[in-house]
Amino acid sequence: MKKLIAVLLSMAFLFSVTTGCSKKIPVIGISQYGEHASLDNCREGFLQGLKDAGLTEGKDFTVNYQNAGFDDAIATQIAQNFSSNNVALMCGIATPSATACYAAAEDKDIPVIFTAITDPVKAKLDSGNVTGTSDKLPVDAQLDLIRQLQPDASTIGIIYTTSEPNSVSAIADYEAKASEYGFTIEAIGVTQQSDVTQAADTLIAKGVDCFSNLTDNNVVGVLSSVLEKTSEAGIPVYGSEVEQVKLGCVAAAGIDYYLLGQQTGAMAAKVLKGEAKASEIPYETISEYGIYINSAALSEMGITLSAAIADKAIESDKA
Amino acid sequence: MSSLFDLAVGTMTQGLIYALLSYGVYITYKILDFPDLTVDGSFPLGAAVTAVLLTKGFSPYLTIPVVLAVGAAAGLATGLIHVKLHVRDLLAGIITMTALFSINLQIAGSNLIVDRAVNTIFTAAPTMALLGGTALIYRKLIITFIIAVLFKILLDVYFTTKSGLLLRAVGDNSVLVTTLAKDKGTVKIIGLVISNALVALAGCIVCQEQRSFSSTMGTGQVVFGLATVIIGTTLFKKLSFVKGTTAVMIGSILYKVSIQTAISLGLPANLLKFITAVLFLGILVIGNYQKSGVKKSA
């Protein structure tokens, strides 16, 4: 009897579920790994990209937006939900969500569009009915920027999470290119967020000339407390995208996730309109990067901008 | 309608996979009365080993015995730390769990994705020979159902053996075990070994289903396991013919159903855990109500 009740209860749960299949308007399922300024920008840019391509929300498509709160098991269930409802297209923002979408679409031909993934090859998202944009950092531009702002600097400290493939590949990139610009890299790997501030203390004690920050989720999560320590020690921190500069990094040669999302939205529009299949579109790396500066942080560190940089730079101070 | 059916199938699959973890927690928490935190480490351990074996080209079926063995080793470590080194139960689990975080990363290198070209237990030739005609989501359900039920039956049978009865006795009345001239430490170790082997197996199947391993996938699994055990055993408290393993299996499915319902209703993602907490509380209250409503028999 109770067993019956339990079964009925679970059926009731399932039947209370709203279905999206009866509507004719194609549904775009957006699965975002968590709420996080950069990822939110990605999503807003994505919707703008669709709009720019002449598609109107509510008329040409509807959006089913979900975020997993940084929980892999929930990302799985979100992707399953999209797949079961046969959405027209899935958009996965950040690696765990994108790979979950791709796994859920394994036996269906639902196109998956990803964004905010550094290394789509490593994430095995480079073949199949899937495409998107990579947020690979412009490391050369960043090193060049640091060299121009701090002509005497010799060591750059970087904190990264050893389990994040994005960060590991960025570190390899930095180490390969640093010597060209006359830098050495002092990288500290951590395994969890609570180790980040300790790693910052270590780098400060080692006397690095500046920090450079990646798009490492763990580190970005506690960037403010890192910045507190570095500003006390008088060490400038360079960011990798605009949101980090807003938080107080001195400058960044980095990507704008809104633009990245827009580029992704344009790709999704092509797929939705039937102009191309996701499997036919190669993934793209962001073509544009900007120089972002935070004047307040720069003056605190006593760094003055050359006219050449000042012209290109976009002021990103929060205030 | 068909989409709703697919959704039910997918959710059921998740519930059945995670039921393996619930069995593990059921053994330690409910039977042995041992709050074992090793789970947060042994679950990703199973996934890490699976991801590496699959990428190296080993048979997906081989991953199952290998993962059972490494999971058992993790349980053995906690057991030995607790029994032989006299570390408190909670701390023994924390020590193994913490060590496993590093060990898992060492095994896998970093978070790993298993290429779609690599076969899993859901796509390998023997599976296809038997179930090739069915769509992947049904194959996943059938296979996870077989695995979940198989291990449930194995456990049920084990509980009726001498060793299984001793296991149950240690949690209920450890003095009795000592008077029977049996070492309760050994019994606890056996329980931890079986429990963590099952938990690691859950990690193995999740990895094959999701084609990925992430170092943080273990976070919160103990809580999930405890929730499903309590949901399951509370719901079926008065029905003594429903085995504990069946109850926690249903607990696991209900948990996944509640999450999927929240997602489907379009509730804000940040509230998902809150919904779970509400469900959890609701079931506990219903359980207590049943207890006072019926004549006190226990």
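Guide: In helix 2 of chain A, the buried residues are Ser38(A), Leu39(A), Asn41(A), Cys42(A), Arg43(A), Gly45(A), Phe46(A), Leu47(A), Gly49(A) and Leu50(A). A residue is buried if 20 or more other C-beta atoms lie within 10 Å of its own, exposed if 12 or fewer, and partly exposed in between, with C-beta atoms placed from the backbone. Helices (H or I, at least four residues) and strands (E, at least two) are DSSP runs, numbered from the N terminus.

Visitor: Before going on, what is the model and how is it numbered?

Guide: This is a predicted model, where local features need pLDDT of at least 70 and side-chain atom pairs count only at pLDDT 80 or more, while totals for chains, interfaces and linings use all residues. Residues are numbered from 1 along each chain as its sequence is written, and chains are lettered from A and ligands numbered from 1 in the order in which they are written.

Visitor: Back to helix 2 of chain A: what covers its buried residues?

Guide: The cover includes strand 1 (27-32), strand 3, strand 4, strand 9 (237-241), helix 10 (242-247) and helix 11 of chain A. Two residues are in contact if their C-beta atoms, placed from the backbone, lie within 7 Å.

Visitor: How far apart are the end C-alpha atoms of that helix?

Guide: They are 22 Å apart, which agrees with the 22 Å that the 16 residues of helix 2 (residues 37-52) of chain A should span at 1.5 Å a residue. The expected span is 1.5 Å times one less than the number of residues. Helix 2 of chain A is followed by Gly54(A), with a positive phi near 90°.

Visitor: Is Ala116(A) buried or exposed?

Guide: Ala116(A) is buried, with 29 other C-beta atoms within 10 Å. Its place is in strand 4 (residues 112-117) of chain A.

Visitor: How do helix 3 and helix 4 of chain A pack?

Guide: Helix 3 and helix 4 (residues 95-104) of chain A pack at an angle of about 40°, with their axes 8 Å apart. Axes are lines fitted to C-alpha atoms, for helices over the stretch in contact, and angles run from 0 to 180 degrees between N-to-C directions. The two helices are therefore oblique to each other; angles under 35 degrees count as roughly parallel, over 145 as roughly antiparallel, 65 to 115 as roughly perpendicular and the rest as oblique. The crossing of helix 3 and helix 4 of chain A is right-handed. A crossing is left-handed if the near helix is turned anticlockwise from the far one by less than a right angle, and right-handed if clockwise.

Visitor: And what classes of residue make that contact?

Guide: The contact of helix 3 with helix 4 of chain A has 8 nonpolar, 4 polar and 1 charged residues. Ala, Val, Leu, Ile, Met, Phe, Trp, Tyr, Cys and Pro count as nonpolar, Asp, Glu, Lys and Arg as charged, and the others, Gly among them, as polar.

Visitor: Switching to chain B. At what angle do helix 2 and helix 4 pack there?

Guide: Helix 2 (residues 39-55) and helix 4 (residues 89-108) of chain B pack at about 10°, with their axes 9 Å apart. That makes helix 2 of chain B roughly parallel to helix 4 of chain B. Their crossing is left-handed.

Visitor: What about helix 10 of chain B, how many of its residues are buried?

Guide: Of its 15 residues, 11 are buried, so helix 10 of chain B is largely enclosed by the rest of the structure. Among them are Phe224(B), Ile231(B) and Leu235(B). Helix 10 of chain B packs against helix 11 of chain B at about 120°, with axes 7 Å apart, in a right-handed crossing. The residues of that contact divide into 10 nonpolar, 6 polar and no charged.

Visitor: How many residues does each chain give to the contact between chains?

Guide: Chain B gives 43 residues and chain A gives 41. On the side of chain B that touches chain A, helix 11 of chain B gives the most, with 11 residues. That side divides into 23 nonpolar, 14 polar and 6 charged residues.
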